[in-house]
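Work through the exercises below with the sequence and the model side by side. Try each task before reading its solution.

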Amino acid sequence: PRCYNTRSRSSYFPSWVMHCTERTFVAIKPDGVHRGLIGRTIARLEDKGYSLVALKLLKPSRTLAESHYESLRSKPFFGDLVSFITSGPVCAMVWEGKDVIGQVRKLIGNTDPLTCAPGTIRGDFGIDIGRNIIHGSDSISSAEREIQLWFHSEELVDWNPSLHEWVYE
Ligand code: ADP
């Protein structure tokens with residue numbers, strides 16, 4: 001995992017934040033925004049102990065949506081997927097913490113909401129695969145790519161959450 005806390009920050013950060021920590025890109029898709037699930041989604045990630053690093057609401061351009069889903073370009077649902085993502089507001093976020101990429105994927109659940117365990121975001125709130133509410137990066141490389149695609153570096157906020165002392169040992 002990428003280390004955010006071992007560079008210059010280490011000189012002024014206390015020992016309990018000296019973990020190798022990751023960042024991941026999370027987006028609440030237009031269905032999640034329309035259904036009023038922004039607050040509950042953020043609450044779940046905060047409840048787990050993760051920290052928000054960036055947040056914005058936007059209507060993504062076609063170029064942005066196509067780049068984001070570049071690897072799915074050959075799929076039959078690609079056109080519908082891009083139309084859907086560009087149709088309404090998306091709540092784009094960056095979250096930070098230990099193993100956040102894999103853990104957020106677990107909190108979100110499988111791609112198809114009908115196969116998700118209850119307790120996951122898609123399992124609790126979704127039915128159809130094309131209305132599965134939320135996106136989370138699936139690897140370190142895709143997290144880095146997606147964060148760069150959706151955010152300017154100055155939109156990412158380095159901060160020192162006071163709850164770290166009580167979440168990390
Ligand atoms: P995930 O979002 O779980 O990482 P993928 O990267 O495979 O899944 O797919 C991206 C998105 O494309 C999914 O979240 C879903 O909205 C849509 N999608 C995937 N597979 C299908 C499908 N078979 N039919 C319609 N939409 C799909």
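**Exercise 1.** In what order do the 4 strands of the open sheet stand, and is the pairing parallel or antiparallel?

*Solution.* The model is predicted: local features need pLDDT of at least 70, side-chain atom pairs count only at pLDDT 80 or more, and totals for chains, interfaces and linings use all residues. Residues are numbered from 1 along each chain as its sequence is written, and side-chain values use heavy atoms, with hydrogens and water left out.

Step 1. Strands (E, at least two residues) and helices (H or I, at least four) are DSSP runs, numbered from the N terminus. Two strands pair if DSSP finds at least two bridges between them.

Step 2. The order is β2-β3-β1-β4, and the pairing is antiparallel. The edge strands are β2 (51-58) and β4, each of which pairs on one side only.

**Exercise 2.** Find which strands helix α5 touches.

Step 1. For the direction, axes are lines fitted to C-alpha atoms, for helices over the stretch in contact, and angles run from 0 to 180 degrees between N-to-C directions.

**Exercise 3.** Describe the surroundings of S137.

*Solution.* Step 1. S137 lies in the loop between β4 (134-136) and α7 (140-150).

Step 1. Buried means under 20% relative accessible area, exposed over 50%, and partly exposed in between (1.4 Å probe, protein chains only). S137 has a relative accessible area of 1%, so S137 is buried.

Step 2. Leaving aside neighbours within four places in sequence, the contacts of S137 include T24, F25, I101 and R105.

Step 3. A polar contact is a pair of N or O atoms within 3.5 Å; within protein, one must be able to donate a hydrogen and the other to accept it, and residues adjacent in sequence count only if both atoms are side-chain atoms. The side chains of S137 and E146 make such a contact, at 2.7 Å.

Key:
Contact = heavy atoms within 4.5 Å.
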